[in-house]
Amino acid sequence: MTARTVLTVAALTLREASRRRVVWALLGMTVVLLALGSWGFSRVADEFGGLGILEARIAASTILNLVMFGLSLIAALGTAFLAGPTLAGEVESGIALAVLARPVRRSAVVVGKWLGLVVFGGSFVVVAGLGQFFIVDATVGYWPPQAFTGLALLALQTTTLLTLALLLSTVISPMASGIVAVGLFGATWIAGVVGGLGAAFDNQALAQMGDVSRLVLPTDGLWRGAMSAFQHPALGFFLAEAEGFPFLGTGLPGTGYLLYAVAWVAAVLGLAVLTFGRRDL
Amino acid sequence: MSVESTASPETAAVHAAGLRKRYGRQVAVHDVSLTVGRGEVVGLLGPNGAGKTSVIKMVLGLVRPDAGEVHLLGRPGTDPGSRSEIGYLPELFRYQPWLTAAEVLTLHVRLSGRTVTRERQRETLGLVGLADRADDRVHGFSKGMQQRLGLAVALVAEPRLVILDEPTSALDPLGRADVRDIVRSLRERGVAVLLNSHLIGEVERVCDRVVILNHGRVAASGTLAQLLGRQELHLRLGKVTATAYERLAAAGEVVRDGEVHTVVLPPDADLATAVPRLVADLVGLGVDVHAVEPSRVTLEERLLDILRHPGEEAS
C-alpha cells in the first residue's frame with residue numbers, strides 16, 4: 001500500500017509539473033539558453049578559425065561550463081519553485097485534506113512528491129544537457145570527456161536543492177520556501193567562489209568558507225565536480241589557478257563527498273517526513 | 001463528558017474518547033467523546049468556534065489530539081488502514097485544479113486502495129450532477145461545483161463511513177436537497193454518516209442522533225426525540241364525557257382551556273400511530289373532534305436554549 005501511494009503521488013507530481021505554467025517557463029528559458037548557446041558556439045567556431053582545433057575546443061569547453069551553469073540555475077529555480085507549492089501550497093489551499101484523509105501514510109506522500117520532483121528535475125537536466133552537448137559537438141566538434149558523470153552530478157545537485165525546498169515547504173509558505181532555497185543555493189555558490197579565491201591566494205579563512213558551505217549545502221561541491229566532468233582535459237594544466245575561477249572545476253568529487261551528499265539528501269528528506277508527519281492540517 | 005452510546009470501539013463506525021486539543025493558549029476541544037454507530041446518521045451542531053471541525057480532523061488523523069483516542073470501523077485511528085472505507089468532504093474543499101473531475105476521482109480511488117470501475121466513477125459524478133463536466137479541468141469549476149465534486153470524492157470508493165463537514169455551504173437550495181437525498185440513500189444502504197452543518201433544518205431532517213458542541217465540549221446529545229423532549233397534541237373537542245377524558249389522560253397529561261385540550265405525549269411516543277388511534281377512540285366515544293394539531297419544539301429552539309443556558313443539559 002505504501003509503495004503504491006509513493007508511486008501514485010510521484011505520478012501525480014509529474015502530471016502536475018507537466019500541466020503547470022512553471023514547466024512552460026522552464027522550457028522557454030531552456031530554449032532561449034540553447035538558442036543563445038548554439039549561436040555563441042557557432043561564433044566560437046568562426047572567430048577562433050585562426051586557432052587550432054585544440055584551442056577552439058578548450059575555449060568551447062570553458063564557455064560550455066558557463067552555459068551549463070545557466071542550465072543548472074534553471075533546473076534549481078524550476079524544481080525549487082515546484083517543490084515549494086507542492087506541500088505548503090496544498091496544505092494552504094486544502095487539497096491536502098482530502099488526500100491525507102485516505103488510508104495513506106504522510107511519509108509516503110512526502111516521498112512520492114520527492115520522487116516525482118527528482119524524476120522531473122533529473123530528466124530536465126539530462127535532456128537539456130544532452131541537447132547542449134549535441135549543439136557544441138555539431139558547431140565546435142567538442143564532446144565533454146565525462147558527459148554522463150557530469151549530468152549525474154548536476155541531477156544530484158538539483159535533487160539536493162529540491163529536497164531542501166521540500167523540507168522548507170513543510171514549515172513555511174509556498175513562495176517563501178522556493179525563495180529561501182534558491183537564496184541558499186546562490187549564497188553557497190558565492191561562498192564557493194570566495195573559498196576558491198581564498199585557496200588560490202593562500203588565505204585559509206576564506207578557503208574554509210568554501211569548504212564549510214559545500215558541507216552545509218552540497219550544491220556547489222557537486223556543481224564544481226560537474227564542471228570538471230564537462231571541461232577539456234587540457235585545462236588540467238591550469239588546475240592551480242582554477243580554484244580562483246568560478247567556471248573551472250578542479251576535479252571530480254571523491255566517493256566520500258558523494259556519499260556525504262547522498263546522506264545529506266536522505267537526512268533532509270527524513271526531516272521533511274518527520275516535520276510533515278507532526279503537522280496539524 | 002461522554003455521549004451515550006451502545007456501540008463499542010470495535011463495533012462503532014466512529015468511536016472517539018476523551019479528545020483534547022489546544023492551539024497555543026486556546027483550548028479548542030476539551031474532553032470530547034462521541035460515537036457514530038454503523039449505519040447511523042449523526043449530526044454535529046454548534047456555534048462557530050465550538051470545535052466541530054477540529055473534532056472531525058482529529059477523528060481523521062489530520063490533527064494530532066493532545067489526548068484521547070479514536071477508533072474507526074473497529075480499527076485504531078493511528079493505523080492509516082482504518083481510513084480505507086471512509087469518505088470525507090472537508091469544510092475547505094479544494095481539488096487539484098490541473099486535473100479533470102474524472103481524474104480527481106480516479107486518484108482518490110487509487111489512494112483508497114479499492115477497485116472501482118470507471119463506469120461506477122462516472123455514475124458517482126452523475127449522482128452529484130457533474131456527469132457532463134467529467135472531462136473538464138477543476139480550475140474552471142465554481143465553488144458549488146467543487147463542493148459537488150468533493151461530495152463525489154467522498155462517495156466514490158464505496159465507503160462504510162462518510163464524514164461531511166458543512167457539505168452544503170456553497171450549494172443552492174436544489175443542491176442542498178440533493179445532499180439530503182444522498183444522505184438518506186446512504187443510511188438506507190447502511191452507511192454511517194457524521195454530518196457537520198450549520199443548517200439545523202438539514203440536520204433535523206436527516207439525522208438519527210445529534211451531538212451539540214459548545215466551547216469545545218459536548219453540551220448535549222441524543223436522539224432527536226430525546227433532545228426535543230415533550231411532544232404536544234392540541235385538540236379542539238366537543239361533547240367530552242368523563243370516559244373520553246379518561247381516554248385523553250391515558251395518552252398523557254391533559255391541560256384544558258375551554259374546548260381546547262392539550263395532551264402532553266411522552267418523548268418516545270410515535271405520533272404517526274398514537275394520534276390516529278386516539279382520534280378514532282374519541283370519535284368512538286361520541287366526542288366531536290373539530291381540530292387536531294400535533295406540535296413539537298424545533299431543533300433550532302432547543303439548540304438556542306442549550307447554548308444560552310450551558311451546564312443545564314444532561315448529555
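**Entry 1: the A–B contact**

I began with the contact between the two chains, which takes 22 residues from chain A and 26 residues from chain B. This is a predicted model, and I read it as such. I then asked which helices of chain A each supply at least two residues of the side that touches chain B. They include α1 (2-19) and α4 (95-100). I sorted that side of chain A by class and found eleven nonpolar, four polar and seven charged residues. For the complex, the predictor gives an ipTM of 0.84 and a pTM of 0.84.

**Entry 2: chain B overall**

I turned to chain B next. I looked up its confidence: the mean pLDDT is 89. In chain B, 95% of the residues reach 70 or more. Where pLDDT is low, the predicted coordinates should not be read in detail.

I noted ten helices and 14 strands in chain B. Its C-alpha atoms fill a box of roughly 75 × 45 × 30 Å along the principal axes. How many of the 315 residues of chain B count as buried? The figure is 43%. I also checked sequence separation in chain B. Of the contacts with a separation of 6 or more, 71% are between residues 24 or more positions apart.

**Entry 3: nonpolar cores**

I looked for the largest nonpolar core and found one of 154 residues. Which residues have the most contacts inside it? They are Val14(B), Ala152(B) and Val193(B). Helix α3 (residues 53-93) of chain A gives the most to this core, with 15 residues. In soluble globular proteins, nonpolar side chains tend to be buried together.

I followed up on Ala152(B). Leaving out residues up to four places away in sequence, Ala152(B) touches Leu105(B), Thr124(B), Leu125(B), Leu127(B), Val128(B) and Leu130(B). I also found a second, separate core of eleven residues. Among them are Leu233(B), Leu248(B), Val263(B) and Leu265(B).

**Entry 4: a helix pair in chain A**

I went back to chain A for helices α5 (residues 106-139) and α6 (residues 147-169). They pack at an angle of about 145°, with their axes 9 Å apart. The crossing of α5(A) and α6(A) is right-handed.

I listed the contact residues. On α5(A) they include Trp114(A), Leu117(A), Val118(A), Gly121(A), Gly122(A), Val125(A) and Phe133(A). On α6(A) they include Ala147(A), Leu151(A), Leu154(A), Thr158(A), Thr159(A), Leu162(A) and Leu166(A). What is the make-up of the contact of α5(A) with α6(A) by class? I noted twelve nonpolar, six polar and one charged residues.

Key. Residues are numbered from 1 along each chain as its sequence is written. Chains are lettered from A and ligands numbered from 1 in the order in which they are written. This is a predicted model: local features need pLDDT of at least 70, side-chain atom pairs count only at pLDDT 80 or more; totals for chains, interfaces and linings use all residues. Axes are lines fitted to C-alpha atoms, for helices over the stretch in contact, and angles run from 0 to 180 degrees between N-to-C directions. Helices (H or I, at least four residues) and strands (E, at least two) are DSSP runs, numbered from the N terminus. A crossing is left-handed if the near helix is turned anticlockwise from the far one by less than a right angle, and right-handed if clockwise. Two residues are in contact if their C-beta atoms, placed from the backbone, lie within 7 Å. Ala, Val, Leu, Ile, Met, Phe, Trp, Tyr, Cys and Pro count as nonpolar, Asp, Glu, Lys and Arg as charged, and the others, Gly among them, as polar. A nonpolar core is a set of buried Ala, Val, Leu, Ile, Met, Phe, Trp, Tyr and Cys residues joined through C-beta atoms within 7 Å. A residue is buried if 20 or more other C-beta atoms lie within 10 Å of its own, exposed if 12 or fewer, and partly exposed in between; C-beta atoms are placed from the backbone. pLDDT is the predictor's confidence in each residue, from 0 to 100.
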